Amino acid sequence: MFAYAIQRILYTLPVMLGVSVVCFALVHIAPGDPLISILPPDASSELQERLRILYGFDRSYVEQFFMWLARVLQGDLGTSIASGRSVTLEVSRAVGNTLMLAAVATVLGFTLGCLFGFVAGYFSNSPLDKLASAAAVFGVSVPHYWLGIVLVIVFSVGLGWFPSSGAGPGGSANWRFDYEHALYLVLPAITMAVIPMGIVARTVRALVADILAQEFVIGLRARGLGQFHVFLHVVKNAAPTALAVMGVQMGYLLGGSILIEVVFSWPGTGMLLNTAIFQRDLPLLQGTILVLATFFVVLNLLVDLLQTALDPRIKR
Amino acid sequence: MRAVMRLNPEDRSKMGGRIVAGGQDVTRMSRRRLNRFRGAEAAMIFQEPLLALDPVYTIGMQIVETIRVHERISRADAWARALDLFERVQIPSPERRLNAYPHELSGGMRQRAMIALALACWPQLLLADEPTTALDASVQIQVLLLLRQLQRDLGLSIIFVTHDIGAAVEVADRIAVMYAGRIVEEASARDLINTPRHPYTIGLLKSRTHDAMVKEHKLDTIPGAPPDLANLPEGCAFAPRCYLAQDACRRGVPDLQQLEGGRTVRCRRIDRTAPELRSAAAQ
């Protein structure tokens with residue numbers, strides 16, 4: 001197990017290197033001179049040349065890449081062009097908010113998805129199954145920004161139960177653990193949980209049906225195990241795959257929540273990406289993408305390790 | 001075999017008649033009573049232990065779980081019994097093997113573990129569903145001998161289903177030959193081998209490979225193919241392939257007839273099968 005973990009961690013190094021190359025290349029693939037967004041339109045060519053040397057744009061791409069990489073490794077992602085603040089700072093604050101939202105949505109989606117999936121798979125083709133499967137299909141197919149807007153209309157505008165946007169009272173962008181802040185989390189978290197809920201439910205349903213059709217279930221019943229004990233075996237057999245699916249989903253939640261964060265004005269990474277794209281803030285965009293990609297890699301690593309711990313058939 | 005434990009899906013199978021085990025009718029047991037019966041009074045060995053064991057639990061965990069479902073006993077005591085069982089089924093270094101997952105054992109070892117699991121609650125009845133089919137020949141005989149020995153040591157009753165009549169002879173006191181879902185002949189192992197009376201049994205014994213090893217000697221076979229079980233022929237199911245079949249055989253299923261020596265045969269032409277075997281023995 002330990003050797004496998006080390007090996008698996010080492011495998012992430014080349015992946016991370018590739019990610020950073022892509023992130024770096026973004027700046028240079030993007031059309032136009034990166035300096036144009038900084039310089040005033042009437043800047044002299046002399047000033048342009050000085051800045052070019054200052055930013056290191058006169059050197060080769062390879063040299064630039066390693067200079068950039070060296071700074072990134074020291075935790076310096078550069079300076080935002082639009083706000084003039086450190087990208088590291090901006091990203092880390094947004095990451096905190098997004099993590100909070102993603103964590104709640106993951107727990108919610110995974111719990112409901114497993115519940116629906118197990119019920120549907122265990123009582124397959126019963127009315128319960130039909131109901132749970134319908135919920136799952138709804139979850140997978142409903143456009144979540146639309147659902148977000150509908151939820152806002154119903155629960156914020158109509159009923160006034162929950163605030164419609166922001167991450168805290170008075171437009172506060174910093175998360176705190178109290179009731180006030182928790183209220184702001186409810187609608188975006190539900191909206192966000194719907195897709196993973198549907199995907200997990202469908203995966204788990206198929207898994208459970210598949211496991212129940214295996215001969216060992218008959219073997220378990222032949223030993224006199226009751227429904228409950230058989231169910232425990234099914235859960236343990238389904239767990240590794242369900243977790244793997246959830247890991248991937250959580251990765252999407254961490255990075256792919258742009259639409260939801262914009263709908264709810266949630267000050268997370270998705271919102272930040274959105275701002276960075278529209279303001280052509282390349283360092284910010286670069287830094288955010290790099291951080292999100294790192295999350296994805298680390299998350300996959302964790303899921304892999306967890307799966308190995310849970311499923312003895314994966315080679316240790 | 002699975003019907004004895006009522007393991008077939010209830011909503012998709014029809015059950016009639018009675019299944020009596022230890023004086024109890026299995027078909028009329030409540031769900032709760034059935035769970036006590038399964039594992040504790042009657043246990044089952046499957047054909048392919050790799051499929052019949054839960055792949056994500058160690059063998060030891062599965063044995064302990066089975067014991068604790070049926071008896072109020074501590075985990076440590078259950079584990080000690082599992083160890084004892086593993087020694088009984090002659091698994092080397094049992095401690096280590098208890099902690100192994102099913103896929104980590106060899107085929108023969110797995111079947112021994114399966115037997116240990118079946119014996120976990122000291123059942124009186126052991127149902128063995130082709131337990132040696134998936135094993136290679138040298139391991140087969142070891143498992144057969146082990147079953148035989150356990151049967152003697154523990155006073156077990158074993159119902160052993162097999163396609164291999166050689167295996168049946170090795171383990172059985174009594175043999176019942178089945179064709180197309182019906183018992184066609186039942187006798188003590190010795191009688192059945194020496195003086196088979198049903199044409200199917202005769203054909204089966206003649207088609208063993210022993211004689212065919214002699215040069216210029218063709219392997220005897222039974223012509224035709226087994227019938228479609230969902231669409232059995234009227235009358236004796238074996239009639240279309242039987243060299244003794246008459247018109248009467250194709251009308252109505254023959255009854256089981258009692259013969260002397262406590263044997264039964266389901267055939268209308270047994271008057272012709274007795275001399276037949278004499279010529280077969282002469283060959």
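Between chain A and chain B, about 2200 Å² of area is buried, with carbon and sulfur atoms giving 54% of that area. The model is predicted. The interface brings 20 residues of chain A into contact with 28 residues of chain B. Within chain A, helices α1 and α3 meet in a right-handed crossing.

**Interface of chain A and chain B**

- Polar contacts link 8 residue pairs between chain A and chain B, counting pairs in which both residues have pLDDT 80 or more.
- On chain A, the side that touches chain B draws at least two residues from each of α8 (215-222) and α9 (227-255).
- By class, that side of chain A comprises 6 nonpolar, 7 polar and 7 charged residues.

**Packing of α1 and α3 in chain A**

- Two packed helices are described by the angle between their axes and the distance between the axes.
- For helix α1 (residues 2-29) and helix α3 (residues 61-73) of chain A, the axes come within 11 Å and cross at roughly 115 degrees.
- From α1(A), the residues in this contact are A:Leu17, A:Ser20, A:Val21, A:Cys23, A:Phe24 and A:His28.
- Their partners in α3(A) are A:Tyr61, A:Gln64, A:Phe65, A:Trp68 and A:Leu69.
- The contact of α1(A) with α3(A) has 8 nonpolar and 3 polar residues, and no charged residues.

Key: Residues are numbered from 1 along each chain as its sequence is written. Chains are lettered from A and ligands numbered from 1 in the order in which they are written. This is a predicted model: local features need pLDDT of at least 70, side-chain atom pairs count only at pLDDT 80 or more; totals for chains, interfaces and linings use all residues. Side-chain values use heavy atoms; hydrogens and water are left out. Axes are lines fitted to C-alpha atoms, for helices over the stretch in contact, and angles run from 0 to 180 degrees between N-to-C directions. Helices (H or I, at least four residues) and strands (E, at least two) are DSSP runs, numbered from the N terminus. A crossing is left-handed if the near helix is turned anticlockwise from the far one by less than a right angle, and right-handed if clockwise. Contact means heavy atoms within 4.5 Å. Ala, Val, Leu, Ile, Met, Phe, Trp, Tyr, Cys and Pro count as nonpolar, Asp, Glu, Lys and Arg as charged, and the others, Gly among them, as polar. Buried area is the accessible area (1.4 Å probe) that two parts lose on being put together, summed over both. A polar contact is a pair of N or O atoms within 3.5 Å; within protein, one must be able to donate a hydrogen and the other to accept it, and residues adjacent in sequence count only if both atoms are side-chain atoms.
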